[in-house]
Amino acid sequence: MLVKVYGSAVFGIEATTITVEVNIDKGIGYHLVGLPDKAVSESSYRISAALNNNNYKLPGKKIIINMAPADIRKEGAAYDLTLAMGILTASNQIKSTNIHEYIIMGELSLDGSLQPIKGALPIAIKAREEGYKYFILPKENAKEAAIVDNLEVLGVENIMEVINHFNDDKKIEPTIVDTRAEFYKNIDFPEFDFYDVKGQESIKRCMEIAAAGGHNIILIGPPGSGKTMLAKRLPSILPPMTLHEALETTKIHSVVGKTKNNGLLFQRPFRSPHHTISDVALVGGGQYPQPGEISLSHNGVLFLDELPEFKRTVLEVMRQPLEDRDVTISRAKFTVTYPCSFMLVASMNPSPSGYFNDPSSPMTSSPQEMQRYLSKISGPLLDRIDIHIEVTPVPFEKLTEKRKGESSVAIRKRVTEAREIQSVRFKGFENVHYNAQMNVKQIREFCKLSPESLSLLKTAMEKLNLSARAYDRILKVSRTIADLGNSNDISPDHISEAIQYRSLDRDGWLG
């Protein structure tokens, strides 16, 4: 008897439906075809043990299973349940007149219980698109898949629940999630708050500007000056994610199996990889491409602590994704694209010893050592970082103050208002939502300067020997400063503040 059941494969952040054809005929043998990998090929052992331990069995006949389309490689153990249900149906051990309406996925343990799978959300989205009515999957993934409406998501703990469901002995209760209600109920603030930060008012102002315009930022300062502390608090002042952003971010995390039991991700991601990371782990890739840290930071923050300690090759592969806000990974037989629209926050010491022109420190570095240290970061990478700010140590008097700093809630309110101004400004542009995403044409349109502002910028570039690449960045940042001040025009004050945030562009910054 020939039976067709349906599963799904995930490539990039999109799913493809897989048809599993099971034919049972006279003879003996188990033949699995359709480009399965090692984990899929080993499924017969898991299925056999799971069925035996639940008083069912693999039929002692010739079983031929084809996974179509046959030219797409099938990976992982998530097809175990699909194959098992196909075998049980083809051997008439269960009754299932409507199994063609189901997408079935799950990894079997030897006792018949189910392990969670990766990519439940993209699979559920594809199942709804193609008109399937039901999606059976492990209970741990049910909330994530139930985000998708117009699809009955049936979360199960073991294979017997599925068998009983098809035999009409006991129907599985669908998992229901009110996505909008869950989303708006769970929007809250991260554990780190800016009111913990003593002093550093100018740096807080800088972080507020970066958050308001989505600008990449680099913090330069000696050890203990608060660079990491400030960076960890940046997500607390970013505007809350929209429902669309939350779904997009959850899809990426779903593919690598990093979603929590509540399904939808409510907070913006904050990723902080160690400096020993490889280029593949950062941008994504591998034999079977997976998203890297830059994609896991999508709609959030990627924090690179001690930037010069990262391998130069690792930093250079970020240049194109920073510009295009997506990364394409190509292999001989397929190509996948992952979105990676993130805010880059980097920190570094100004010298190998960490202390730059500090007379109280016994550890000093020669100009040659410092030049070698800073040259690890290429000009084209710095070109993509809008704001450079020097962080100085907090004096003792500030550290011992009782007064708390301004809270993240108050700063976030101003940031959100500035982002709303930008949303209105860029509503006619498809992939531009905030100032940092402006291209040259949009800068010319939205960053018009008065003669006074233009004269100030010209004087500053000449006197401070600012490089040409700083020009557009200064205009973008000054546009954000104007938005924070609810000003339509960019004034000389806005320009002068933006000029302060280009430390590393100044000729002779090292003295």
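Is Val255 buried or exposed, judged by its relative accessibility? In this predicted model, Val255 has a relative accessibility of 6% and therefore counts as buried, the cut-off for burial being under 20%. Val255 belongs to helix α10, which covers residues 243-255. When residues up to four places away in sequence are left aside, Val255 is in contact with Val10, Gly12, Ile13, Lys118, Gly119, Pro122, Gln290 and Pro291. One of these contacts, Gly12, is 243 residues from Val255 along the chain, and the C-alpha atoms of the two residues are separated by 7.8 Å.

Asn167 is placed in the loop between α6 (159-166) and α7 (179-186). The relative accessible area of Asn167 is 13%, so this residue is also classed as buried, again by the limit of under 20%. Not counting residues up to four places away in sequence, Asn167 touches Tyr56, Gln93, Ile94 and Lys95.

The whole structure was also searched for cavities. Two cavities of 30 Å³ or more were found. The volume of the largest cavity is about 50 Å³. Its lining is made up of Val197, Lys198, Gly199, Glu201 and Lys204, together with Lys398, Glu401, Arg403, Lys404 and Gly405. By residue class, the lining of the largest cavity comprises seven charged, two polar and one nonpolar residue.

Conventions
Residues are numbered from 1 along each chain as its sequence is written. This is a predicted model: local features need pLDDT of at least 70, side-chain atom pairs count only at pLDDT 80 or more; totals for chains, interfaces and linings use all residues. Side-chain values use heavy atoms; hydrogens and water are left out. On a 1 Å grid over the protein atoms alone, a cavity is a set of points where a 1.4 Å probe fits but cannot get out, and a pocket is an open set with protein on both sides within 12 Å along at least five of seven lines; lining residues have an atom within 4 Å of a point. Grid points are joined across faces, edges and corners, and a volume is the space filled by probe spheres set on the points. Ala, Val, Leu, Ile, Met, Phe, Trp, Tyr, Cys and Pro count as nonpolar, Asp, Glu, Lys and Arg as charged, and the others, Gly among them, as polar. Helices (H or I, at least four residues) and strands (E, at least two) are DSSP runs, numbered from the N terminus. Buried means under 20% relative accessible area, exposed over 50%, partly exposed in between (1.4 Å probe, protein chains only). Contact means heavy atoms within 4.5 Å.
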